There are 2 protein chains.
Amino acid sequence: MKGTVCFDHSKAVPFTAPEEWGQLEAAVRHAHFMLHEKTGLGHEYLGWVDLPVTYDETELVRMKQAATRISQQSDVLLVIGIGGSYLGARAVLDSLGHTFYNVLGKSKRQTPEIYFVGNNISSVYMSHLMDVLEEKRFSINVISKSGTTTEPAIAFRLFRELLEKKVGKDEARQRIYVTTDRNRGALKQLADEAGYESFVIPDDIGGRFSVLTPVGLLPIAVGGADIDALMAGAADARRRYLTPDLGENECYQYAAVRNTLYRKNKTIEMLVGYEPQLRFFAEWWKQLYGESEGKNGRGIFPASAEFSADLHSLGQYIQDGMRHLFETVLHVERSQRELVIGEEEVDRDGLNFLAGQSIDYVNKKAFEGTLLAHLDGGVPNLVVSIPELTAYHLGWLIYFFEKACGISGYLLGVNPFDQPGVELYKANMFALLGKPGHEERKRELEARLQGRSDNVFNG
Amino acid sequence: MKGTVCFDHSKAVPFTAPEEWGQLEAAVRHAHFMLHEKTGLGHEYLGWVDLPVTYDETELVRMKQAATRISQQSDVLLVIGIGGSYLGARAVLDSLGHTFYNVLGKSKRQTPEIYFVGNNISSVYMSHLMDVLEEKRFSINVISKSGTTTEPAIAFRLFRELLEKKVGKDEARQRIYVTTDRNRGALKQLADEAGYESFVIPDDIGGRFSVLTPVGLLPIAVGGADIDALMAGAADARRRYLTPDLGENECYQYAAVRNTLYRKNKTIEMLVGYEPQLRFFAEWWKQLYGESEGKNGRGIFPASAEFSADLHSLGQYIQDGMRHLFETVLHVERSQRELVIGEEEVDRDGLNFLAGQSIDYVNKKAFEGTLLAHLDGGVPNLVVSIPELTAYHLGWLIYFFEKACGISGYLLGVNPFDQPGVELYKANMFALLGKPGHEERKRELEARLQGRSDNVFNG
C-alpha cells in the first residue's frame, strides 16, 4: 500500500472528548457486523462492500476497449445520467483530469471532450450543448437502471435522434453505449433490440454507491484515468478497514466522531478542499451522505466549500456565525504541479518574503492557519488527508467515505441505503404533466398552486 | 418597467402566519430609514443603495471602450480577483452567457474567452491555466482594493510576468487593466507608475455589494453582456423598492419572512434554481448573505442546489431529513431557448404522452411538483420569479437581493456591512508563512498544529 488516506480527529477534541466517542464502540462494532453479515436495514444493497475484490474483470477489460473505441470514433462523449449516474464519474474525472479539460486542444488532451447531460430539464443547457456538437463527431453513454427516469430519458431521446440524423442509424448503433440493468427494464430492452454494447449496473448497488461499477468506470476510462489503479486503491482500503475495532479503524472513527458531533447539535457538515478540482468530489460526497442519512427527520446537512475562494465568501459565517456546524477538510498532501513565487524589484504587494517559495507551500499554510482560526471560532475540524490526487488514492478515498457512510447511517438509526423521499416530486410532476391515470391528483395539485399570487400582506 | 421580479411567500404560510411577519413592520420601517438616512451600523458602506442612479457614466463608457479593445487585442481575458471581486462578475457572465462559453469557437462566441484566477492558491489550477494560455494572446483585469490580498497578488505576480515574457513590457502595459482604489494602495500606485488603464472601486461599497461597479462591469462587458441594461434593471428595482411600507415592498417582504423563519429555527436557507446557468448566481448570493449576516453567533446558513440534478442528491434530505431548512426558489419564467420532445415509435421510456411538449414545460412542472412535495415534507418555500434571464432582469434581481440583505441584517441586529471574521485565517497564514514580525505567533501556532497526529483513540 503506497501511502494511505489518514483521518485526523485531534481538532475535534475541544468539542467532544474521546470518552464520548468511546461510548459508540459497541454500536460501531454492531454496525460493522450488520454491514458484513448483511443483517441490517437495506442489506439488499450491500454489493459495494466487497466490490473492489469481486468485480467482473472481463467487463473491466471490455470497458477499456470501449473507451479506446470511443476515442477513435468520436471527438466528444456525451454522458447521460442523473444523481449517482452522474456525480461519481464527474467527481473522479474532475479530480484527476485537467482543470480545463474540454478547452484544451485534442493534441494536449489525447482523449475525447466529455459533457454531462440528462441531469437537468433545462432546454437552455441542452440547446447550448447542441451548439458545441455542431461540427463534432460524438458518442453517447446513457446510464440508467430503469431507462424511464425523466431527465436522462428526455436527453437520450433528443441526442440519440441528433446522432442518428448526423450519421445514420447504423453508425449511431456503433456509437451508443448503454449502462443499465443486467436483464430488465426499458433501456436494457432497447439495447438488446438495437444492438448497443451494454454494461451492467449490479442489482445490489444503489446509485450513490455505484461509482466503481461501469456507471462511473466507463466515462472515467474515456477521460484517460487509470481505472485499474482506482480499483486497486479501493481494494486496499477495503482490506485496511476490515477490522471492527474502532481504535484501529480510521474509517469508523470518522463515522463515530461525526455522529457524536451531530448529537451535540452540530447539524451541518462542510466538506472543504483547497484544490478547485475537488468541487465535484464534494458534490458526490453530498449525495452520498445526504441521501443516506437525511430521513425520518434526522441527519447532518451536507454542505461544501472551496477554499481559499470561499474563505472570502462563507469564511465570515464559518468563523463567527451560528455555531451549528463542523468542517471536514479534504487535504491533498502533495500537489501534482509546482510553481514558484518570483521576486519583484519593488515589493509593493508585500509578498517578497515569499520569493522562492512554492505556491503550494502557501496553500498548505492557508490550510493550517484556517484550521486553527476556525477552531478558535468554535468549529470542530476533522481532517482527511490523501498523499496525492492519483487514481489509486482517489479509489481509496471513495471507499473510505462509502464505508464510513454505511456505518454512520446505522449509528444514526436509519436505513442508509434507501431514498424514499425522492419519489414525491416525481409523482407530483407526472400528475401535473397530465400523465394518463393521474387526473384527480392533477386537479388537486393545481388547486393548491392557485394560491400563489395572493399577497397575504395585503389581505 | 418591462415585467419585474416577483416575490411569492404564500408557500411559507403554513409555517409562519402573516400576523408574525406583520409584527416586523415597524422594525422593517426602521431598517429602511437606517439604510436611506445612513444612520445604522456600517453606514459608511451604503454607496450601493443609490449606485444605479449615481454611477459615473463616463467611466461606464470607458469600460465599454476597454472591453472592445480587449476583444481586439486578445483571445483571452484573465480576471484576477477573489470574493466580491470574483463572484459578481462570474455570476452575471454565467447567467447571461453561453453554458459552454469558453469551449465555443470564436466565430460563434465573438468575444474573448474568460478565465478567473487569483481566487485560490492552487498551483495545479494556475499551472493548468498556463497550459490553456500557451498559444493564446491574453489580457489581464486585476481587481483588488488594496493590491495586497494574498490570492490575487500571487496570481498577478505570476501572470503579469508571463505576459511580459510573451509580449514585452510595453505591449503588456496595453493589456493590463486595473480595478482598484481611487487614490491609495499598492495596486493603484503600481497602475499609476506603469501606466495601466484603471477603474475605480468606490470607497463606500464593500466587495460583496460591488458587482454593479467596475469590479463586475468590466469583465461582464468583455463577455458581451449589456451593462446598460443591467444598470437600468437595477435602477428600476431601486425605484420600485423605495417605499418603507412592508405591505407594498416585496423586497422587504423577503427580508421579513426569512427572518421570521430563522426565529422559528429554520437556520438553513437553500437557494435553488432550475437552470444550471444560475450556479454561480447562487454562489454570489451565498457570499452576500453569509458574509452580511453570519456574525455574533447568528445568521441563516446559506446553501444552494441546482435542480433537478440535486433532487437526485440532496432531494432526499430536503424532503425528509432534519427540519431546520427552508428553500428560496429562483424561478425563471421564460426560457431563452426552446426544444420539443419527439414521439417514438415504441414508447419504451413511457414519455410519449409528452410528445410535442416543450422541454421547458416539463421543467416548469418539475418546479411546481417539487414546490408542493417539499411543502408537504415540512419545508417552507419562497419563490422569487424573474420573467427572463436578461441583463435587465438580472440587474433588477441583484438589487432586490442586495437591498433585502441590508434590511435583513438590520432585522437580525448585526452590522451587515463588515466582515471581521475573514481576518483571523489571514493573520494565522502570514505568521505560519514566516512573515517578519510574527515570529512569536508562528511558534505558538506551530505548537498547536503538532498535536495533529496523536491518535486519541489509542491514547
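Guide: A cavity is a set of grid points where a 1.4 Å probe fits but cannot get out. Rolling a probe the size of a water molecule over the atoms shows where empty space is left. The model here is predicted.

Visitor: How many cavities of 30 Å³ or more does the structure hold?

Guide: There are nine of that volume. The largest cavity has about 340 Å³ of space.

Visitor: Which residues lie nearest the centre of the largest cavity?

Guide: Its lining has 29 residues, and those nearest the centre are Arg279(A), Glu283(A), Lys286(A), Arg279(B) and Glu283(B). By class, 13 lining residues are nonpolar, four are polar and 12 are charged.

Visitor: Which elements supply at least two residues each of that lining?

Guide: In chain A they are strand E7 (268-273), helix H13 (279-293) and strand E8 (301-306), and in chain B strand E7 (268-273), helix H13 (279-293) and strand E8 (301-306). H13(B) gives the largest share, five residues.

Visitor: Strand E7 of chain B holds Glu269(B). Is Glu269(B) buried or exposed?

Guide: A residue is called buried when its relative accessible area is under 20%. Glu269(B) has 0% relative accessibility, so Glu269(B) counts as buried.

Visitor: What does the side chain of Glu269(B) make polar contacts with?

Guide: One polar contact, of 2.6 Å, is with the side chain of Tyr254(B). Another, also of 2.6 Å, joins Glu269(B) to the side chain of Thr328(B). Leaving aside residues up to four places away in sequence, Glu269(B) touches several others, including Arg258(B), Trp285(B) and Phe326(B).

Key
Residues numbered from 1 in each chain as written. Chains lettered and ligands numbered in written order. Predicted model: local features only at pLDDT ≥ 70, side-chain atom pairs only at ≥ 80, totals over all residues. Heavy atoms only, no water. 1 Å grid on protein atoms, 1.4 Å probe; cavity = no way out; pocket = protein on both sides within 12 Å on 5 of 7 lines; lining within 4 Å. Points joined across faces, edges and corners; volume = space filled by probe spheres on them. Helix = DSSP H or I, 4+ residues; strand = E, 2+ residues; numbered from the N terminus. Nonpolar A, V, L, I, M, F, W, Y, C, P; charged D, E, K, R; others polar. Buried < 20%, exposed > 50% of the residue type's maximum accessible area, 1.4 Å probe, protein only. Polar contact = N/O pair within 3.5 Å; in protein donor to acceptor, adjacent residues only side chain to side chain. Contact = heavy atoms within 4.5 Å.
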